[in-house]
Amino acid sequence: MSPMSPTRFTGISSRTGIALLVVLSGSALVGCGKAGTGGTAAKPAVPTQARVSQGCARQNPGVGAVRVDDARVGGAVALARLGDRTVAYVADEDDSVLHTVDLGSGRELVTTQLGGAPSQILVAKDGRVLVALRDKNQVQVLEPAANVELPLSNRCAIDVATEPVALAATPDDGAVLVTSGWGRALTGLDGDTLSKKYQIPLAREPRQIVVSDDGSKAFIAHVVGSRVSAVDLVTPEHPVRTVDMSGQDDGIFRNRRSAAKVASLLKGAPGGKGSQQRMGCQSFTLAKSIDPPGRIFAPQVLVDPGDLEQQSSGYGDGRRPAEVASIGVIDEGKAEPMPASLHIAANEAQHRGAAKGECLLPRASATDAKGKSLYVTCLGIDAVVEYDAVSADPRVAEKRRWNVPAGPTGVAIDAQGRRAVVWSQFDQVVSVIALDGEPTAKPTLLALSRKARSATDGDIALGRKLFHAASDDRISADGRACASCHPDGRDDSLTWATPEGPRNTPMLAGRLTQTAPYGWNGESDEVKTHLTHTFSRLQGRGLEAREVDAVVSFVTTMRTPVTYVPEAGPEANKIARGKVVFESAETQCATCHHADGSWVDGEKHDVGTRAAADPNNQFDTPTLRFVGGTAPYFHDGRYRSLRDLLVGHDGKMGATKQLSPVDMESLEAYMRTL
Amino acid sequence: MSAAARRFAIAASLTLGVVVQTTVASAAPSLADVPLASLPPVPTSAPKSVPKGNDSPLRVFPSANGTVIVVHKDAGGSQQAQQLGGNERAKLSTTPGISACVGWSQQSVAAFRQTLLYMNKDQSVMAVRTEVLEERPDGASLLVSDFWVDAKTTGVAVASPTVTIPLRRVSAPSDAAIYAFRTEKAASPVPAADTAKPGEAVKSPDKEQSVVLVAGSVQGGNFQGSSGRTMSSQCDIAFAEIDVKDGAGTVQGQVNKMLVIEETRPRAPDTPPSTMPFQRSLQISASVSQTSRDPSPLFSISTRWLTDLPAQFKMQKL
């Protein structure tokens, strides 16, 4: 809640530029759009510095809608009830608004302008609505009016680590938990005052939070790294335990040397056990079973990136599907996965109903106690899939599925109303699914208002859909989407077997402008050429030229993390020292990584990193934009952290391992700001 | 399969349907609710020969290639037609509510695996096990019987009394009937209490459990368990077995369910709806699991139709 310290924001997305200028001018965060259309009134509820100082408490306690079914897990959709009216609050990331939708009448009641792009909503015990603003590094606190048809009013905004993406409350409502994706942190807020109690570091790309029934542990999904974090909420130090979400595939057979190589490259990763392991990825969401209790579901995919000792014909070695949908089941009491949920039998494909499109991009989930079902929204196939929540392996126990409009990123269950409410961000439509309806019944669709000039219009909108298109044979033969390896436009933290040898997936968001050529060997002068090459590598039929242009439009404007850099104090001094070290003749970092914002020289170099399966020893200088959040490093992912790279490299690529501890730390701190 | 076993032939039919999911069901009883059953031991001491007689539920037919075909009198119609040819079909009856399997069609289910391995010295007399699924409004049973079948004389003799296994319906009432029973046997010995390390909990002797799913009125089924074991059924009854290891196990697959479907088009008063047989693929997924908070293992099953019905038809009540 404290006023922001002097900061320098970094973030180069054209979509965030306007907002950044506003911040840098010293003004309060001002809503960046006008009222929504479609007959609803959008009124600003913008967090301002003045309101922050007034505190986050309710001004009119006891009035307005309250949360439904004691839901304590955030989502892009959250339900609230006022009398006999049930409303859905919907987080619209494109328009930076909160929609209020009356589920009874199927009518959008009002929109509330937010201070930034919302990722999740949580309705607190007293009816306050907390919204994580991922591009503002804040949680905005809103208060409902007595009349649900009025916009919510702003109470305050709370500073949290970079890119808040998920919210949850503890069972006693004593704390609100916030995960920050790029900031790799869990922030604990007091449940009443919302003052910051603690912040603890996490592994890369944390997302959804669920808290155990006894409040002793928070389980946190991670988009990459084959893990779920189990955070001890009782011990003051809040130790974090890694729950290994890698899978076992009985159908993968590799020789001992290859297995050893894979294990070596995966050293330090929780799943690095051998060649039959598949790595968990795309774990954006978690859901907790209510009946039976004690089960936490982790929809994800299990990835086999192929034999890194061999040159493959594509991305992965093609003998088995590179990515298989998975729903890990975690025993809440033991904080361990149930092995049956992460096991793939050797020839199971022969015994499953033919895939109608696997859920390779799960994004949101919720459970229904009465039906003992798990509902998962799937980008790419634009579907909601219902699974048996009692199964030891829900992945193979699909019960129903519904097609919904493009981009389903949120789902909430109204147990009393027997319906699932799904938000499709790309099409900006709410779908209401009758849980007890006929199996073939279609969802009721409610198109919400949208701004005249949305953040995602025209070609960018088309490009976003194509980027996430799974089970589209124009993109790939095996169902993979662009977003499969580049979740949220970033990277999967994996190294893949390719025809050019092992290749570490690069982050795309914010890294494609002025950084040509593209590809680890610098084989493509344009993004478009490289995209076409990638589709071919995936054995996709290919897109039309206009569609490729649309994908290029999207990938070159994707939302980037908006980090802030202190301009005064010890950390600022450390960063300043790191800049000097970076640009020094001693380290020679800036010789190839030009400090012009591109951090490239457009050249290829032999830096002595050729791996056994590499036919080429010349590698394109990669950009260092966002380098602090994209581990592992090098084309084959050989270094698991920046420090490993700076200390472990042999000197053919700059000279850093001789640096003093202070300079080493400073250099690393500086690189994390790029 | 031995040369002798090949003398008995049971035809298989497995037609994979068009994949269109249309419906759903699930249920989750405790595993303890699934009845425990002991399967009868397979018969031993085969007679040298069995004279031909008439009083048997089995029909034994010599076939053109010197083998014999053994068919239960209650076996389903379409299968008989394939096995016996059109002219033979009339000789056999099909009783509503009864599904039957003969011989090794279910041999991949562990409980029945040894069925055909007991025979007399010259391998002309073999033990043949039959399973008959009786589905009644108030429940269902599996009747297991063993016979000696003489390939030379085509004679059939009862080898042991019929054992009735109680079944519990585990699928939802509105969906295709699937039943289950469980079996158990002693697991590997566990360390005695005096060999346990200090502070180490002493496990009570466990039993290896398995759950056998039973679905009638089908034309073949195809399953795989989490243990990697594959199972196929090629008769009126599909069996699938979940091997429960460390408190968990799964099985998944599909059966081709034989249904009667009824036309829904408007018709003249007093005109009965037209019906026709229809084969529909049903995906089945079942599992046993237990978390640290479950007092006992939970059994779960979900089903999903993979084929749509023809337009303007509905299923008759299952």
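How much accessible surface does chain A have, and what percentage of this surface belongs to carbon and sulfur atoms? In this predicted model, the accessible surface of chain A amounts to about 23,800 Å², and carbon and sulfur atoms contribute 51% of that area. Chain A comprises 674 residues, of which 63% are buried. Its secondary structure consists of eleven helices and 39 strands. Among the contacts in chain A with a separation of 6 or more, 58% are made by residues 24 or more positions apart.

An open sheet in chain A is formed by four strands in the order 31-32-33-34, and the pairing is antiparallel. From one strand to the next, the twist averages 20°. Strand 33 (residues 429-434) of chain A runs antiparallel to strand 34 of chain A, and the two are joined by four bridges. Within strand 34 of chain A, A:A447 is the residue that stands opposite A:V429.

Two regions illustrate the packing of helices. In helix 4 of chain A, which spans residues 458-467, the buried positions are A:I460, A:A461, A:G463, A:R464, A:L466 and A:F467. The buried residues of this helix pack against helix 5 (482-485) and helix 7 (545-555) of chain A.

Helix 8 (residues 570-582) and helix 11 (residues 661-671) of chain A pack with their axes 7 Å apart and at an angle of about 95°. Since angles of 65 to 115 degrees count as roughly perpendicular, helix 8 and helix 11 of chain A are therefore roughly perpendicular to each other. Helix 8 of chain A contributes A:E571, A:K574, A:I575, A:R577, A:G578, A:K579, A:V581 and A:F582 to the contact, while helix 11 of chain A contributes A:D663, A:E665, A:S666, A:L667, A:A669, A:Y670 and A:M671. The residues of this contact comprise seven nonpolar, two polar and six charged.

A loop residue was also examined. A:N137 lies in the loop between strand 9 (129-133) and strand 10 (138-143) of chain A. A:N137 counts as buried because its relative accessibility is 1%, and the cut-off for burial is under 20%. Apart from neighbours within four places in sequence, the contacts of A:N137 are A:I158, A:D159, A:V160, A:A161, A:T162, A:E163, A:P164, A:V562, A:T563 and A:Y564.

Definitions and conventions. Residues are numbered from 1 along each chain as its sequence is written. Chains are lettered from A and ligands numbered from 1 in the order in which they are written. This is a predicted model: local features need pLDDT of at least 70, side-chain atom pairs count only at pLDDT 80 or more; totals for chains, interfaces and linings use all residues. Side-chain values use heavy atoms; hydrogens and water are left out. Buried means under 20% relative accessible area, exposed over 50%, partly exposed in between (1.4 Å probe, protein chains only). Contact means heavy atoms within 4.5 Å. Axes are lines fitted to C-alpha atoms, for helices over the stretch in contact, and angles run from 0 to 180 degrees between N-to-C directions. Angles under 35 degrees count as roughly parallel, over 145 as roughly antiparallel, 65 to 115 as roughly perpendicular and the rest as oblique. Ala, Val, Leu, Ile, Met, Phe, Trp, Tyr, Cys and Pro count as nonpolar, Asp, Glu, Lys and Arg as charged, and the others, Gly among them, as polar. Two strands pair if DSSP finds at least two bridges between them. Accessible areas come from the Shrake-Rupley method with a 1.4 Å probe; for residues, only the protein chains shown count as cover.
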